[in-house]
Amino acid sequence: MARLFSKDYHELSNSWYFNHAVIPLDKDDLWYWLAADEAGRYQMRFFPSQDKTEYFSEWVEVLYDPIEEKILRHRCAECKHDDSCRHYLSLLRYAYLNLSTDVFIEEALQTCDGDALRGNPRWLDLAHDARLSVEGIYDPNTDKIRFYHTAFQDLDVPALIHLIKGQKIEDEGLRANYLVLDDYELQLFSFLSEHRAAYSAKGSFWSIYKKDFPAALALMEHLDGRIEIRETGELLTFASTKYPLALRIERAGKEAYALSAVLVDELSTWYAGYPSWLFFRNKVHKVYLPFKDDVVNRLFSQDMLLSARTWCIIAASCTRSSCARISIWILTAGSSFL
Ligand SMILES: [Zn+2]
C-alpha cells in the first residue's frame, strides 16, 4: 500500500506556489468516482462534499497510469488544463494525505470504450458541457458575428471538418470520439466552416457575415440553451411559441401609408430571412413574414412607407389562407381607407 499520487505530490509540493495555492481539505471533503479503461489506466473524478462546494471546483478529473505511478492528464471544471489550477494541487495534497493505492483494489468500473458508448467518458463529458459562444449579434457596428469554440478545448476543428466531409485524418482519438457531438452541432460546425468570413485556430473562432446569420440561426435553434452570448454570458433561448406579432398600417401623408410592427416587448435586434428572427435580449422568436429581406429590415426600422396599391397586395398575401405559417394580423388605423 502506498499513498495515492505520491510521485506527483512530491514533484510539485515543494514550491512556494503550491503551498500558497492549496485549499485546506480534511478527510472526506472530496469524493471520487473511479473507472478503469482498456489500457489499465484509471480515470478518477473528484467532487467536493456538500460542505465544500463553495471552496472547490465542481469537479477535477485525472487520468492515472498505475504502472508509471504518474498522473498523465488532469482537467478541472473551472481551470481546464491549467497547470497552476489550485484545485488540482489541492487534490494532490488531499489524495496524498487521505487516500492510498488501495482504492484501485476496490473493483473499478470498467468503461466500455469503443463498444457501447459513442466515445470515451472524457469526450462525452466534454460534449455535454461545452457551449459555443457567440459575439456581435447585437452590435450594429460590425458586419460579422463570431462563434467561439473555446469551450471544446483542444478539439482540432479543421480535422473535425475533414471527418464530417468523409475525408481521412490522422488523429485516431478524434476519429474514435467525434460522434459524441450531435448531428445538429456537426451541421452547425460544417455550416460555419463553409460560410466563414475567417477562421482563427489560435483564437478558436469562426466569423461569418451577418447576411449568413439567419441560416445559421435555423441550425442554432436545435441547440437551444447550449449557445452562450459572449457579451453577457446569458444563454440564447429559442421560444417554442409563436410571437404575437401584429402589423399596423397607418396613413402617412396624403398618398402614402406607413407599415410598422407592433411589438409587445422591446426588440433588441432582428435578422431578416425566411423565417426572420426577432431578438428580445437573449430570447429569440422566429416569424414567417412574406416580405423580401430589405422590406423586413425597413419594417422593423419603422421606415416602411407604402402606396395604397402595395398595401392591398400585402394585406391580401398576409391573410390568404394558404399562407398558414404567417402568424400576423393586419391592423388598420385610419379607417377612412376601408
Ligand atoms: Zn481548478
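The following questions and answers go through a predicted model of one protein chain.

Colleague: How are residues numbered, and which pLDDT do local features need?
Modeller: Residues are numbered from 1 along each chain as its sequence is written. In this predicted model, totals for chains, interfaces and linings use all residues, side-chain atom pairs count only at pLDDT 80 or more, and local features need pLDDT of at least 70.

Colleague: How many helices and strands does the protein chain have?
Modeller: Helices (H or I, at least four residues) and strands (E, at least two) are DSSP runs, numbered from the N terminus. The secondary structure of the protein chain comes to ten helices and 18 strands.

Colleague: What share of the protein chain is buried?
Modeller: A residue is buried if 20 or more other C-beta atoms lie within 10 Å of its own, exposed if 12 or fewer, and partly exposed in between, with C-beta atoms placed from the backbone. Of the 338 residues in the protein chain, the buried ones make up 25%.

Colleague: Which strands are the edge strands of the open sheet of four strands?
Modeller: Two strands pair if DSSP finds at least two bridges between them. The order of this sheet is β11-β16-β15-β14, with mixed pairing. Two of its strands pair on one side only, and these edge strands are β11 (237-238) and β14 (269-271).

Colleague: In which sense, parallel or antiparallel, does β16 pair with β15?
Modeller: With β11, strand β16 (residues 283-287) pairs in the parallel sense over two bridges, and F238 stands opposite V284 there. With strand β15 (residues 276-280), β16 is joined by five bridges, and the two run antiparallel.

Colleague: Which residue in the turn of the β15 and β16 hairpin has a positive phi?
Modeller: F280 stands opposite K283 in β16. The hairpin has two residues between its strands, and the one in the turn with a positive phi, of about 50 degrees, is R281.

Colleague: Is β16 mostly covered or uncovered, and how many of its residues are buried?
Modeller: β16 has five residues, and the strand is mostly covered. The number of buried residues in β16 is four.

Colleague: How are helices α7 and α8 oriented to each other?
Modeller: Axes are lines fitted to C-alpha atoms, for helices over the stretch in contact, and angles run from 0 to 180 degrees between N-to-C directions. The axes of α7 (residues 183-194) and α8 (residues 213-220) come within 9 Å and cross at roughly 165 degrees. Angles over 145 degrees count as roughly antiparallel, under 35 as roughly parallel, 65 to 115 as roughly perpendicular and the rest as oblique. The two helices are therefore roughly antiparallel.

Colleague: Why does K211 count as partly exposed?
Modeller: K211 is in the loop between β9 (205-209) and α8. From I145 it is 66 residues apart in sequence and 9.8 Å apart in space, C-alpha to C-alpha. K211 counts as partly exposed because its C-beta neighbours inside 10 Å number 14.
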